[in-house]
Structures are given as structure tokens and as C-alpha cells.
Amino acid sequence: MGGIVKWTPTNYQNMANDAEVLVVGGGSTGTGIARDLALRGVDVTLVEKGNLTHGTTGRMHGLLHSGGRYAVSDQASATECIEENRVLRDIASHCVEMTGGQFVQLEGDSDDYFEEKLRGCRECGIPAEVLTAKEAREQEPYLTKDVKRAISVPDGAIDPFRLCVANAADAEMHGARIETHAEVTDVLVDGNDVVGVEVRHESGPGKRNHARPGTTEEIRADYVVNATGAWAGQLGEMAGVDIEVRPSKGVMVVMNCRQVDTVINHCRPKGDADIIVPHEVTAILGTTDEEVADPENYPEEGWEVDMMIDQLSKLVPILRDSRTVRSFWGVRPLYEPPGTGTTDPTDITRDFFLLDHEERDDLTGLTSIVGGKFTTYRAMAEQISDHVCGQLGVRETCSTADEPLPGSDDFSVLRDYMDEFGIRSPIGRRSVQRLGSRADEVLTTNGPNPVLCECEAVTQAEIQDAIDGSGTDLNAVRIRTRASMGNCQGGICCHRMANELHPEHDEPTAREALDELFQERWKGERHALWGEQLSQAALNYALHATTMNRDAPEANGEQDAETDTIDFSAFDAGRNSERTVDGDGGINGD
């Protein structure tokens, strides 16, 4: 394949405008395809309408499946999961925490289903061991005393943001062009042949944006891959083909800390609110499964959040009195072949499908990949890359199962870096876990390296490294580092991150970047405004609106506008003995 080549605007201008393969979609599957093809020496361009992980990938619960969840209902998917679980632990160790998992049976739950789950795991090659109630609670002390027994499986937690960035970075290092904030507005069709797409470049300044916002560009390619997940039907419509994606929404609720250190699953037949995933410094509760018509326009209901807490408190009672930080919804890209007729989205297979539109629709030059799960993204990318290479006559084989992702190739760097880099021990440990083998390069500085995000233990050096790769898009910096994703939801660190844009960027640019980041954080807090979290939201407002004078009209370019005032005395230090918990989870008087 030759040496590694970094794509730059300069060397691209000296090349033809056409790529061999154009991948649409910057989630796990799209970036995985781009990496796979680039490692085979294929000239590939990837376009994504938002940031990397803008769609489903950035809105999942962070579970690295053992396959246990599908061991009864979908054994083919379960087998794929355990196989890819082992691969990702090897090639993406800096993105994975092997927490282990339990399928917990409560008193009154079906014995027959428990035995069926255990048998299914073993039939699919998933290591599974029965734990007594005492053993399960020794491993997870906050489990309810109603535990009867549990099945131990190799579930884990995985960082989807870090993983996608690593895939995109490796693709780019091998010559790929990665374009974020580039929305496809049309698919270019010549007769019965797809020859490329038209994209509109939007705001997203920095090294991930190589065109002026507001401009359009035609990108022609020998082959186009539709890796847009739940949006695959919309892209198919532009090309004149019907792709029967059935998007299904699910809610996730983020808690203030890790109430458990093991993935906890309720061992029962399908149902909502049945999993708790420890993720970084938080626990994520999930989820629901409700079919929606539009993957971007669907209701986000407060009762869904309440249900997560109410139901999962039966497994881990401490959740009922814990602080909810935020909630978010994601959309699964479910697919089933035409004519199947499944009515319940929980019954739709989690397997993935490669749709060759030449064979299926007499339209050459286009293939779609639909369905599947995050855990199996690499296998999906390998299958579609094999198909595309067969169309192009490329004989190179897939190497992504053996080639470590950037930052994971030398995991011995997770040694004691703390003294070497002169930062506090917990900070050094977290930084090295995030950066993997890049830790030495990023954390070695000539001056002080203060912590800018205390909640997630992110240092100035990491923020600056992320800005080098993302420009002024602070949400992209967030994705790379987890800064602003902790308990305060950016109240303490958003402005610090924006400050790092100076002096390279001017004040209006930094203010706009700060606004975009803070609004993104607020979007997920709206359904968690009760109890202590309501006071935290008020504190965030006070910090940004009053201390930074952000509520002044001139700060928002409104010289004559009247500014509403907020009675901050209404927000006290928390509960007192006179307050009681309402049935909806709120606190009387808050």
C-alpha cells in the first residue's frame, strides 16, 4: 500500500476531484468502511452532514455486547456480537472497559427463561457462568435483595466517540478525505448508474472542513456507499430506490455517578427499561423501543425518563434517590426484508443487510448497508468493503481485525504516567486511558497542564490536541475528550474550552462556539429538571448568564432588548425535611 499519506487541501487540489469510493455517513459503520477501504489502498472520501457520530452512533448507551441480549431471540446476531467483542477488545483497547455483565433474575421471574438464556449463551459461544444471589451482590452491592441468581457474561462499555474518531483518523492517515458538516442534497444519477453526490458545506470550521460554508460541491466517484443508518431511506429516495428502514427510538438516562461497575441486564423476555451500563464516571439507563416515522423528528417524553428510573430501581434501588444528570434519545436503523410484516419493533432482527442496488433495483454504482449494531460495525464494514472491492477489481483483503486503531497499538502506555507528566494521579490515569499510545505525544508539554474539566478529568493539553483536529467546533472537541459531559454538564468548563480558542480565533468566533456547545448540553438536561439537578441547572445559568454577563442584551447583540430576571433565591441547597418526593419524581416546591 506504500507509506501513510495525510490528506490536506493542498495535495487534494493536485488530484482529480473524483474518488474511487464515496461513503455517505460518519457513524461507526461509515468510518469503519472508510478505514477498511483506505487500508486496502482505495481512494475514499467520506461525507457526514454533522459531526462524526452525529446520528445513531452518538446516541447509544455505550454497551459492548457479549451477545447475551440476543442469545434467545436472535442467535445469529448473538454469535456475531461475541466474535466482534473479542476483536474490539484487541484493536480498540483504549476505547473499551471490560466491566463484565450480569443477567439478573429477580424473585418471581421465569426460571424457564433463565435456563433458556443460559443455554442460548453457551450455544452461541458466549462464556456464561451462573452466580448465586450472594455472588451477584458481592460483585454489585447495590443490587436489590430480591435477586434470585444471575448469569455472568463478558459485556463491556465502549466509547463510541473515541472509536469513530480513531477510525476516521486512521482512514485519513492512509489517504482518505473526511468531510464533516457536508450534507448530501442530491444523488447524481446518469441513466441507471449512480456517479456521485452533491453536498452542501455548512458551519464546522477547522481541519475537518475543507470548503467554505454555504457552498455546494459535486463529488463524483466510481462507487457510492450508503452508510447513513436510520437515514438510509432518505438517501435511497434521492437515488430513486426504496429502502425499507424502520427507525426505532430509544431513551437513555444519564446518572450522576456509577451506581454499578458491571453491566446489569434484567433477565426477562423483551421489555423496556432493562439495562444499566457503567460508562466512564456515569451510569446510563436504557431503554425503550418505539417505531418512529422520521429519525430526526419524534417526541421526547418526560414519562419515558420516569419509566427508566422507576423500572430499573427494581434492580438497583439506589437509583430512585440518585441524581439524574440528563437524558437523550437515539434511533436504531432497523431493517427487515420486504414482505416480512413484523409489527413489533422489538421482534425485528438486529442483523445487518447489504443491499446491492444493481441486483435489487437495476441501479449500478450504489450499495446500502442497513440494520446491525454498534458492536458489529467492523464486521459490517468488512463485508461491504469486500463487496465494493469486488466491484472495483481490488484484490487487497481486509486487515481491520488485526491492525490496532490509533492510540491502541501500544497499550503498555497505560503504565504509571502520572509522575512523568506532572499531573494528579487520577487525572493522569483518565488521560492515558483516553489517549492510549498517543499519551506521550499529547501530554508532554513545556509548561503547566491544568485540568479544564474536573468532572471528566480533561487537561488543557487534551483540549488543545482536540482543537488541532476539530478547529472551533467545540462539540467535536467534546466528542474527542468528553469535556463538558460530566455532572455539571459544562457549567464549569464550557467557557474554559472556548477560552482555548484564543488567540488563534477572535472573540465572536469563540462566543459562537461557546453558545453551540452550551446549547447542545442544555438539550439533554431539559428532561432531568427536578431535585438537585434543577439546582445545578440554575447554578449553570447563574455562572453563564450573570457571572459572565451573558444575560445582558449587548452580550447577545440586542442593545435595546429587555432582559428577563430570575429569582435565584427560589433555588436552595437541596432537599429539607419538609419536602416530599412527588409521584413524578419531582420535589415539592422546586
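## Basis

The model is predicted: local features need pLDDT of at least 70, side-chain atom pairs count only at pLDDT 80 or more, and totals for chains, interfaces and linings use all residues. Residues are numbered from 1 along each chain as its sequence is written, and side-chain values use heavy atoms, with hydrogens and water left out.

## Aromatic pair

Rings of Phe, Tyr and Trp (its six-membered ring) pair if their centres lie within 6.5 Å; planes under 30 degrees apart count as stacked, over 60 as edge-to-face and the rest as tilted. The count by this rule is two aromatic pairs. In one of them, Phe 374 and Tyr 377, the ring centres are 6.1 Å apart and the planes lie at 35°, so the pair is tilted.

Phe 374 and Tyr 377 are both buried (under 20% relative accessible area; exposed is over 50%, partly exposed in between; 1.4 Å probe, protein chains only).

## Ser 28

Ser 28 belongs to helix H2, residues 28–39 (helices are DSSP runs of H or I, at least four residues; strands are runs of E, at least two; both are numbered from the N terminus). With a relative accessible area of 6%, Ser 28 is buried.

Leaving aside residues up to four places away in sequence, Ser 28 touches Thr 57, Cys 164, Phe 374 and Tyr 377 (contact means heavy atoms within 4.5 Å).

## Sheet

An open antiparallel sheet is formed by three strands in the order S3-S8-S4 (two strands pair if DSSP finds at least two bridges between them). Strands S3 (63–64) and S4 (96–97) are at the edges with a single partner strand each, so one side of each has no neighbour in the sheet.

S3 pairs with S8 (residues 156–158) in the antiparallel sense over two bridges. Leu 64 is opposite Gly 156 in S8.
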